[in-house]
Amino acid sequence: MAVTGLVLIGFLLMHMYGNLKMFLGEHSFDFYAEWLKGDILYPLIPHGWFIWLFRAFMLAAIALHMYSAVTLWARAKAANPQAYAAKKQLAQTYSARTMRWGGVILAGFLVFHLLQFTVKATLVKGTADLTPYKLVVAEFNVWWLVLAYGLWLVAVCMHVRHGVWSAFTTLGANTSPKARAVLNGCAWVVAILLYIGFMIMPVAVLTGVLH
Amino acid sequence: MTTTVRPTGTRPEDFFSVGAEIRDTKAPAGPIEQKWSKRKFEAKLVNPSNRRKLSVIIVGTGLAGGAAAASLGEAGYNVLNFCYQDSPRRAHSIAAQGGINAAKNYRNDNDSTYRLFYDTVKGGDYRARETNVYRLAEVSANIIDQCVAQGVPFAREYGGLLDNRSFGGVQVQRTFYARGQTGQQLLIGAYQALERQVAAGTVAMYTRHEMLEVIIVDGRARGIVTRDMVTGKVESFFADAVVLATGGYGNVFFLSTNAMGCNVTAGWRAHRKGAYFGNPCYTQIHPTCIPVHGETQSKLTLMSESLRNDGRIWVPKRAEDCEKDPRQIAEADRDYYLERIYPAFGNLVPRDIASRQAKNMCDEGRGVGPKVGDARRGVYLDFSDAIGRLGKDGVAARYGNLFDMYAQITGEDPYETPMRIYPAVHYTMGGVWVDYDLSSSIPGLYVTGEANFSDHGANRLGASALMQGLADGYFVLPNTINDYLAGAPFTKVDASHPAAVEAVKAVKDQIDALLAVDGTRTVDSFHKELGHIMWEYCGMERTEAGLIKAIGLIQKLREEFWADVKVSGVNEDFNQTLERAGRVVDLMELGELMCVDALHRRESCGGHFRAESQTEDGEALRDDDKFLYVAAWEYNGTAQPPILHKEPLVYESIELKQRSYK
Amino acid sequence: MNITLRVWRQANAQATGKMVTYQVKDVSPDMSFLEMLDLLNEDLTLKGEEPVAFDHDCREGICGMCGVVINGTAHGRGDSPVATTTCQLHMRSFSDGATIDVEPWRAGPFPVIKDLAVDRSAFDRIIQAGGFISANTGAAPDAHAAPVGKLKADRAFDAATCIGCGACVAACPNSSGMLFTAAKITHLAMLPQGQPERYSRIKTMIATHDAEGFGGCTNIGECSAVCPKEIPLDTISQLNRDLIASLFKKDGK
């Protein structure tokens, strides 16, 4: 759970960094998009293989993450045959409480996101023949789509907020009450950074800063 | 089941008869420092390969029982271990706060085995058996080694070595401690060793099983009858020897610092089957407990005696001031009575003296705090001087956890208003009589820890209870019981043996009888009434007239119990009322014997203060000419008074002295 | 004070239980929560009803025998100003006329025996799986043979204060016994005497923890929040570190 979670968070940070290339202009972004699919690790591996290896790796991470989650969920359910008539949480954060259902919602939206920008099957305004930059601009000109991504990212960042803390704790980094505060602080920083980093570009498109 | 009431009387000798003197025959002759080595050498051994063919029942999982079960399991015997709690880790040894003594002399301050031995005998007011106490001091150092090896986290200094403090009014620093939770840490150590043996298959653990009877076959203890506290199943278990490590009986007073479940049933049932009961009247009353708040109180909480190092004890000089806010009472109107009566020791006089004087003040009508019944039962323990001297932080550094505990229980802030304290029953020095091998008067029945009478005489020193429990469990019993087991295997016994059938029937009959009464009073109401009688007449100060009255009251209470108790539910269930009822039956019978013992011992010694035997200044006065013996009581049926067997105490290594703290 | 109690009543392990409402009158604010239950039971007994079964023993917060969920928090931590066991919770923490919900620990590995009493023997089995140092009686070197630095000794002690009450499991949304297990792991891992079995111990204890049916830890922190001894959450990280390290060691299975 922890290792795959950290892989996914690492990907998110990289993805966010890539998105910000939109601000460097159309050429830069399109070149970046092309590079991802093209020559990475060439000639160690043939042209265009990297992206597929990377996708397989990500898919495996997601699958393992989900498998761990389902296992934990099943164990918790088996260990909780009878619910409390009254139950009050003292320490549980909202993000910790929503990890499981939150995760399911994230996975659902991820499918939509991939269909939209990778498979290009559910495009709203753009068309599949557009360059990556133009496609992004076309899509994020739709206000409700930006809003949907804004909400989705709230869910993502909440998941990340508990996830960062929890992953590091599972890996043994919570060594003292002070470390606990630091880890929770880092989790907040990563979550907020991701939110801002991801949302700044669609908002820029919607407000016409990027066109 | 009916109770036949013994004949009563007006004179002490009407309440008992005197039998033959008894002696401990196991301690070998020779210099005291060689006795234990000699005994270990002379004891018969059991070949390691034969041990697995032998079994031992151990009742109780505290320091004495858990340590013995683990050690005998390691030795290779088959151990059956029983406790009434849901886990062996709950035994009440866990609640001991202060520490454990050991003659390590790590402080280079003249400590030695002999000095620990001497202090313990003196502290026990010369009513303990010399040989047992010397051995206790001798093995004390091994206990610390053993516990450290198990991972017990004793307090340490920055250099990584163990810390010591002085405790209980002795002049050397020999007490090892683990913050205020020494008992807990030692018990967890024994518990872990025990669970290791459970995993190894040498110990079979029976939790939530209460022992209700001993099975005696051909004069030997061969088994016990238990009740499964979840299903109510009454069952017999058999072994080659039986060990009782069942703790003390302070709950005869209802309110005590003991756990709610502590009881005398195991020891008392053994007593009824022939085991002598030693010195039942010796109880220790601890001066610094949180006072009773009302009639519904279920237990008392002890606070460490160390509070008396800096707190000053007082009551108002005038009874009419007792209702006032203590901060409004002028210095001149306060009576710092311990400092007044004992200028040399002041607030640091021994436990029994501090306790008795608190009672005297309250009896004079100068007690403080809420009225319980018709009197206020509390005295002030005031830290305002200490706060002035050390600052609030200084006091908090020394006593912070105790202050927090006091605030949590009473809702009062001891930094602002003086604490209220009152004595409470804390430990029972008496118990089943045992010899040097810890064998009772029934062959094959061993008794260890607080359940036996052996090491503390008439008063126990601080930090000595843990020492005794672990000494018995780890080092004494595993080196003496082999002498008996070497004679095994004994005749085969199973549940069909007439002795077993009879014992099971006796247990079932009593359960049926308890359920059949269906009266109008709850078990607790009887237990509380017994407690009031014991506290009033067999507590801190005892008189002939009071004790005779108490015996009559207890007999009446027993009759009323069997006529009017209400035990709800059925046997075949998790029935806590039934459990308590059975315990109260035995506590009432024990209470009567305690009063008889206190009545016959017309001297004051240690925790036993007879008003008839005091110095002109009101101090305890021993009578060594008449009472230098252990009173070992033999049960003589319900209709006959008990028989007193005297075991003369022989002091070869220590000279008798009168205690003085002025 | 007068209190309305809603108490879980369940005749035995097989029966289905339900919340039953009782009125308790003349409660003193100085009573402990268990003394208030005593009062209820005295009343029920005299009325010819079955008293409420609950586990308790020392009543001074150290034996770990007592423990019920009060108003949704283990040991009533949500109503208490300080960390507490049920026996050290006092009625002054509640207001006159309050309605209080009382339930047993609820977790699969802690089946209800009757009413508020549960079976926590799974904890003993976790200890049996390695929660000890193998040191036979009599085999110990001198206590000063292995000094322990104060920091490690203190950390061992902090973990060793666990009383095994099970509140951590009762509070955990996953019903995980990780804090209990981690407390023992940390206690023994900090001491030189605990090193030889350090990595085999963790494997067997964790395997038993899982086999007993406890859930997995997701680092929520409810356990530590209700713990009467305030066992810190970082013990779980210690356990995780040792577990990861043990994967690279031959010790144990």
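**Figure 1. An open five-stranded sheet in chain B of the predicted model.** The strands of chain B are arranged in the order S1-S24-S23-S11-S19, and their pairing is mixed. Strand S1 (17–18) and strand S19 (431–432) of chain B are the edge strands, each pairing on one side only. Strands of a sheet pair through backbone hydrogen bonds, either parallel or antiparallel.

**Figure 2. Pairing of strands S11 and S23 within the sheet of chain B.** Strand S11 (residues 277–278) and strand S23 (residues 629–634) of chain B run antiparallel and are joined by two bridges. B:Gly278 has B:Ala632 of S23(B) opposite it.

**Figure 3. Helix H15 of chain B against the sheet.** Helix H15 of chain B, residues 576–600, lies across S11, S23 and strand S24 (643–648) of chain B. The angle between H15 and S23(B) is about 145 degrees.

**Figure 4. The two domains of chain C.** Domain 1 of chain C covers residues 3–103, and domain 2 of chain C covers 121–246. Their C-alpha centres are 29 Å apart. The contact between them involves 13 residues from domain 1 of chain C and twelve residues from domain 2 of chain C. On the side of domain 1 of chain C that touches domain 2 of chain C, five residues are nonpolar, seven are polar and one is charged.

Figure 5. In contrast, no contact joins chain A and chain B; the closest C-alpha atoms of chain A and chain B lie 20 Å apart.

**Figure 6. The side of chain C that touches chain B.** Chain C contributes 64 residues and chain B contributes 62 residues. Elements of chain C that each supply at least two residues of this side include helix H1 (33–46), strand S6 (112–114), helix H2 (121–128), helix H3 (150–160) and helix H5 (178–189). The largest share, seven residues, comes from H1(C). By class, this side of chain C has 30 nonpolar, 19 polar and 15 charged residues.

**Figure 7. The helices of chain A.** Chain A has eight helices and zero strands, giving the element order α-α-α-α-α-α-α-α from the N terminus on. Along the principal axes, the C-alpha atoms of chain A fill a box of roughly 55 × 45 × 35 Å. Of the 211 residues of chain A, 23% count as buried. Among contacts in chain A with a separation of 6 or more, 67% are between residues 24 or more positions apart.

Note on methods: Residues numbered from 1 in each chain as written. Chains lettered and ligands numbered in written order. Predicted model: local features only at pLDDT ≥ 70, side-chain atom pairs only at ≥ 80, totals over all residues. Pairing = 2+ DSSP bridges. Helix = DSSP H or I, 4+ residues; strand = E, 2+ residues; numbered from the N terminus. Contact = placed C-beta atoms within 7 Å. Axes fitted to C-alpha atoms, helices over the stretch in contact; angles between N-to-C directions. Domains from an automatic or database assignment. Nonpolar A, V, L, I, M, F, W, Y, C, P; charged D, E, K, R; others polar. Buried ≥ 20, exposed ≤ 12 C-beta atoms within 10 Å, placed from the backbone.
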